[in-house]
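Let's walk through a structure together, one question at a time. Have the viewer open and stop me whenever you like.

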There are 2 protein chains.
Amino acid sequence: METIKIGLLGFGNVGTGTYKTLEMNRKHIEANTGLSIEISKILVNDINRKRDIKVSSDQFTQNIDDILLDPSIDIVVELLGGIEPASTYMLKALKNGKHVVTANKAAVAANFDDFMDAAKRNQVMFRYEASVGGGIPILNALTTALLANEFEEILGIVNGTTNYILTQMTEYGLDYADVLKTAQEKGFAEADPTADVEGIDVANKLSILISLVFGIRVPPEEIPTEGITSISKNDIRLADQFGYKIKLLATAKKAGKQLEAHVQPAFVPKSHPLAAVSNEFNAVFAAGNAVDDLMFYGKGAGPMPTGSAVMGDVIEISKAIAKGAAFDHYSESKAVKMLKFVGEGQNKYYVSMMVKDVPGVLGSISTTFGAFGIGVDSVLQLSKDANSDREVPLIFILHEVTRARLDEALDKISKSKFASEIKSVIRVM
Amino acid sequence: METIKIGLLGFGNVGTGTYKTLEMNRKHIEANTGLSIEISKILVNDINRKRDIKVSSDQFTQNIDDILLDPSIDIVVELLGGIEPASTYMLKALKNGKHVVTANKAAVAANFDDFMDAAKRNQVMFRYEASVGGGIPILNALTTALLANEFEEILGIVNGTTNYILTQMTEYGLDYADVLKTAQEKGFAEADPTADVEGIDVANKLSILISLVFGIRVPPEEIPTEGITSISKNDIRLADQFGYKIKLLATAKKAGKQLEAHVQPAFVPKSHPLAAVSNEFNAVFAAGNAVDDLMFYGKGAGPMPTGSAVMGDVIEISKAIAKGAAFDHYSESKAVKMLKFVGEGQNKYYVSMMVKDVPGVLGSISTTFGAFGIGVDSVLQLSKDANSDREVPLIFILHEVTRARLDEALDKISKSKFASEIKSVIRVM
């Protein structure tokens, strides 16, 4: 049986998950591929660290060159996380003629073109299925089975931590801060949750999806990105009354020759399949011009689901090596996909504000929206808050408008004598 | 640009959908693959028939050998439907060294091993993504990106007609016969709906899924299969009260060294992602031992979604041809997958019956279930039906039991003096 040799960079959660996935299903993989896949070396910071997994200490190395310069290693699997040194290691591996598999969304989003160029120049394969949606094989589907489609829109719930927090806030009527604390205690959120709750992780993943689906590069830092930290239980309750759930969405959609994209919490209609995606689950929803609506749902994180995606890539490359075809053909021109990225575009919005409980307030505010060309879809005036003297909550769902235009209108409204505070502005899907 | 030539067998709904998918996205496909895919000949019954699509009449032929014996044709795409002559044509094409793509679940389920053997012997590729779940790229995912998993269970809603009927019955409280009539008028159900409503179409698809996922052949006619014709609006209403929706499910699951499989309407808990799959949509839910729960959702039928899946297979093969690697490696042994198929196994059941409204009835029936070793999960006794004198509906949700054992118990109960009629027996997921 032909043997394919792997060098693993990193042996944290995902590294051990990948190792365990391979060991657990070794016989199954061999029976289905006719190949033996062997992890021959593992790069770690400390060879002598005690680990709760049995791995021969001969396999460990602290020297990256033991892997990058070993001619017997076919595939380098990068699971270090972070942009550097992971990116440098991967580029060197590609340059040395090794195939590369990674789960590292930050590195792929930051250096997408460099990785593609290096893979192309060195006639090797570069795969990163685990970088978006964890175990869900969405990148593979988009680049193979769905290639006969042009996609108009792609929407994703691609961060399990924030989806868990929003789900718990929704189901138990809890505040953001309380749920975050519990999530941290349970290990569902990091001690420093910034990358998750501020939407940075999602922006990395959206940047990768845009590269694949729309063929243009939009660096994550150029994607308008908003996290979930300002979502209140009140917003969630009001969303429910209007028939929505609040989800942190990655959105990219074509509008003619333009591409709009953003990472934002959004009101998702309860009838939409994404509304039913709860807790740590992820899902990617896409509308192709032939296949129509599709959704892929599964575990977006965790050692074993991520290990499944990493091993899927390793198996694909291993089979290609065995067939003598371990390279990708790249087309000469991507001219048909020359879209222009224009930021977030126009969206519907939910606006919640506190207003004076006096006659004429609704008319005045509606008139201001009208003067800015903003249509009102629905409005809800709640009865007086027991704690606030002569102030009532007023909620609008507004028709499509740019965020800049909306902010101008809200600025004018908040300076009027009627409104005391704009409490929330959330996109409506 | 290298050109790949296709011979199309059949030009009905799916044939024209495939043709349109290719034409609509030709530039996109060329830009992404660097290949030109050309449909060079189309087998039809009547060359002179008027069609609402512009195709040069030179492309049509009524003679299958014009395609099977044409050395310039790389890939034969079979979209005739039905087991014969489709199977004979495909086997001949494979024998002639042509790659084959098909959307034909009946033919693939009937002759799976023959197709695999012929593809292997002739070192060509055989693909059938569109045969299960229409546009949803589930077979591709299971055989590539998810190959590092052993699957414990696979569940599918894989027939759009029956899911549409059940959804409409649920949403509007309608009877089966009324919804079927409307569905036929709207073209969502065939004039002869037997293959759909009796579960035959689903059994074909489940047979294919079992071959792929569990590595054993279970012919569709050996799968215990039940359709939706006896589901009443009353069953649907009661399911709702217990927290379930009724769906026609294809189920296959491992129980140790055994495989259980069946096609049956089932109570699906509302919290399960499959419960939210409505109308003509399909979904396949699978639980892998590394990736955990996954669901793929999309359009299970229709000319364009099916065309998307067919073209996905065509593109995969075309890329492999261009790389000089258009063949599959088959493993020597599938020993690890030697499961024994044992039919439907044990399941939970919902039983609805009419009983005499006299003291002791609940005790007597519960005692009978107990005597047969059948545990009661929950029970609901409804108040007297206005139309039936001294009879009341009695509903049970029962713990795991084989259907044979349950039928014995129900036979005894229906012969007792208390029960007048067993109205429904439906599996509970």
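**A tour by question and answer**

Guide: Helix α12 (residues 303-322) of chain B lies across β1, β2, β4, β5 (99-102) and β6 of chain B, at about 165° to β5(B). Helices (H or I, at least four residues) and strands (E, at least two) are DSSP runs numbered from the N terminus; axes are lines fitted to C-alpha atoms, for helices over the stretch in contact, with angles from 0 to 180 degrees between N-to-C directions. Before we go on, this is a predicted model, where local features need pLDDT of at least 70, side-chain atom pairs count only at pLDDT 80 or more, and totals for chains, interfaces and linings use all residues. Residues are numbered from 1 along each chain as its sequence is written, while chains are lettered from A and ligands numbered from 1 in the order in which they are written.

Visitor: Which strands stand at the edges of the six-stranded sheet in chain B?

Guide: That open sheet pairs in parallel, in the order β3-β2-β1-β4-β5-β6 (chain B); strands pair if DSSP finds at least two bridges between them. Each edge strand has a single partner, so one side of it is left without a neighbour in the sheet. The edge strands are β3 (60-61) and β6 (126-127) of chain B.

Visitor: What is the bridge partner of B:Leu43 in β3(B)?

Guide: Strand β2 (residues 35-43) of chain B pairs with β3(B) in the parallel sense, over two bridges. In β3(B), the partner of B:Leu43 is B:Thr61.

Visitor: Which element gives the largest share of the side of chain B that touches chain A?

Guide: The contact takes 58 residues from chain B and 58 residues from chain A, where contact puts C-beta atoms, placed from the backbone, within 7 Å. On the chain B side, the elements giving two or more residues are α1, α2 (26-33), α6 (138-143), β11 (292-299) and α12 of chain B. The largest share, 10 residues, comes from α12(B).

Visitor: In β11(B), what is the bridge partner of A:Phe296?

Guide: Strand β11 (residues 292-299) of chain A is joined to β11(B) by five bridges, and the two run antiparallel. The partner of A:Phe296 there is B:Phe296.

Visitor: What is the handedness of the crossing where α7(B) passes α8(B)?

Guide: Helix α7 (residues 160-172) and helix α8 (residues 176-186) of chain B pack at about 125°, with axes 9 Å apart. They are therefore oblique (angles under 35 degrees count as roughly parallel, over 145 as roughly antiparallel, 65 to 115 as roughly perpendicular and the rest as oblique). A crossing is left-handed if the near helix is turned anticlockwise from the far one by less than a right angle, and right-handed if clockwise. The crossing of α7(B) and α8(B) is right-handed.

Visitor: And the crossing of α5(A) and α10(A): left-handed or right-handed?

Guide: The axes of helix α5 (residues 105-121) and helix α10 (residues 200-214) of chain A come within 9 Å and cross at roughly 50°. These helices are therefore oblique to each other. Their crossing is left-handed.

Visitor: How many Å separate the centres of domain 1 and domain 3 of chain A?

Guide: Chain A is assigned domain 1 (2-135 + 303-336), domain 2 (140-299) and domain 3 (346-428), with bounds from an automatic or database domain assignment. Taken over C-alpha atoms, the centres of domain 1 and domain 3 of chain A are separated by 52 Å.

Notes
Contact = placed C-beta atoms within 7 Å.
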